[in-house]
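This report covers strand pairing, helix packing and an aromatic pair. The sequence and structure come first.

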Amino acid sequence: MIATLDFTEHEKFLEYCRQPASAIDLEKGAWLLARTRFPSIDIEERHMELNLFAVELSRRMNVNAGVREWLDTINDYLFEELGFRGNRDNYYEADNSYLNRVLERRTGIPITLSLVYLCVAKRLRLPVAGIGAPGHFICRAETETGELYIDPFNGGEYLSRATCAARVRRAVGHCDESALAPSSPSEILARMCGNLYAIYKQAEHPAEARWHEEYMRALRG
């Protein structure tokens with residue numbers, strides 16, 4: 001059963017979405033979105049949980065290590081030790097789209113697992129961006145030897161640009177430059193809201209679906 005959303009938090013998040021795109025912070029937006037369904041979330045406490053991930057990773061790594069070494073360590077920590085994984089059994093479950101539930105259950109969909117990866121990488125000041133490829137959100141890192149794509153849904157699997165382009169072509173028939181371009185925070189949040197819009201619409205929750213449609217409209221200007 002899908003829980004009723006909180007109207008007060010809905011209004012707060014909608015107001016946040018109406019800001020200029022340049023003012024949108026991805027992590028803050030993700031937490032405000034989560035509070036529309038889980039209004040009692042202590043954002044500062046959850047923010048600290050992600051801080052602790054980064055602190056632990058910093059403890060394990062030489063600060064002078066290359067980006068690829070950092071990525072290897074992040075993958076081992078998030079996917080092997082902490083157990084983050086793609087939710088293949090209940091892919092279209094609403095909880096997969098809320099950051100607090102992804103952290104609690106250690107499972108999610110491509111965009112929210114990528115969100116965790118991006119939040120950690122940002123704290124470590126690593127050059128990692130979110131890539132809103134059609135049908136499957138991934139990350140891209142700039143390493144000393146060139147770009148490297150990362151698939152958090154599949155345990156941090158490394159992919160080449162050619163492999164990603166081939167996947168896009170299989171999904172939509174073609175792949176232009178925009179398909180593998182970095183997504184802005186507002187674009188990522190809009191895509192998360194789009195996923196929830198589809199879930200609530202399918203579940204015949206018209207009010208909740210309408211709210212997420214409002215978020216998408218506001219984020220897309």
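V128 has A141 in β4 as its bridge partner. The model is a predicted one, and this residue pair belongs to the antiparallel pairing of β3 with strand β4, residues 138-143, which runs over 4 bridges.

**The sheet**

The sheet is open and holds 4 strands in the order β3-β4-β5-β6, with antiparallel pairing. Its edge strands are β3 (128-131) and β6 (157-159), each of which pairs on one side only. From one strand to the next, the twist averages 35°.

β4 and β5 are also antiparallel, and 5 bridges make up their pairing. Here E142 stands opposite E147 in β5.

D151 has E157 in β6 as its bridge partner. The hairpin of β5 and β6 has 5 residues between the strands, and G155 in this hairpin takes a positive phi near 70°.

| Strand pair | Sense | Bridges |
|---|---|---|
| β3 and β4 | antiparallel | 4 bridges |
| β4 and β5 | antiparallel | 5 bridges |

**Helix packing**

How do α2 and α3 pack, and at what angle? Helix α2 (residues 26-37) packs on helix α3 (residues 43-60) at an angle of about 130°, and the two axes are 11 Å apart. With that angle, α2 is therefore oblique to α3. The crossing of α2 and α3 is right-handed. On the α2 side, the contact is made by E27, W31, L32 and R35, and on the α3 side by I43, R46, H47 and L50. Sorted by class, the contact of α2 with α3 has 4 nonpolar, 1 polar and 3 charged residues.

α3 also crosses helix α4 (residues 67-81): the axes of α3 and α4 come within 10 Å and cross at roughly 125°. α3 and α4 are therefore oblique to each other. Their crossing is right-handed. α3 contributes F53, E56, L57, S58 and R60 to this contact, while α4 contributes W70, T73, I74, Y77, L78 and E81. By class, the residues of the contact of α3 with α4 divide into 6 nonpolar, 2 polar and 3 charged.

**An aromatic pair**

How many aromatic pairs does a search of the whole structure find? The search finds 8 aromatic pairs. One of them is formed by F38 and Y98, and this pair is edge-to-face. The centres of the F38 and Y98 rings are 5.6 Å apart, with 85° between the planes. Which parts of the chain does the pair link? F38 lies in the loop between α2 and α3, and Y98 lies in the loop between β1 (85-86) and α5 (99-105). The pair thus links distant parts of the chain, with F38 and Y98 60 residues apart.

Definitions and conventions. Residues numbered from 1 in each chain as written. Predicted model: local features only at pLDDT ≥ 70, side-chain atom pairs only at ≥ 80, totals over all residues. Heavy atoms only, no water. Pairing = 2+ DSSP bridges. Helix = DSSP H or I, 4+ residues; strand = E, 2+ residues; numbered from the N terminus. Axes fitted to C-alpha atoms, helices over the stretch in contact; angles between N-to-C directions. Parallel < 35°, antiparallel > 145°, perpendicular 65-115°, else oblique. Left-handed = near helix turned anticlockwise from the far one by under 90°. Contact = heavy atoms within 4.5 Å. Nonpolar A, V, L, I, M, F, W, Y, C, P; charged D, E, K, R; others polar. Phe/Tyr/Trp six-rings, centres within 6.5 Å; stacked < 30°, edge-to-face > 60°.
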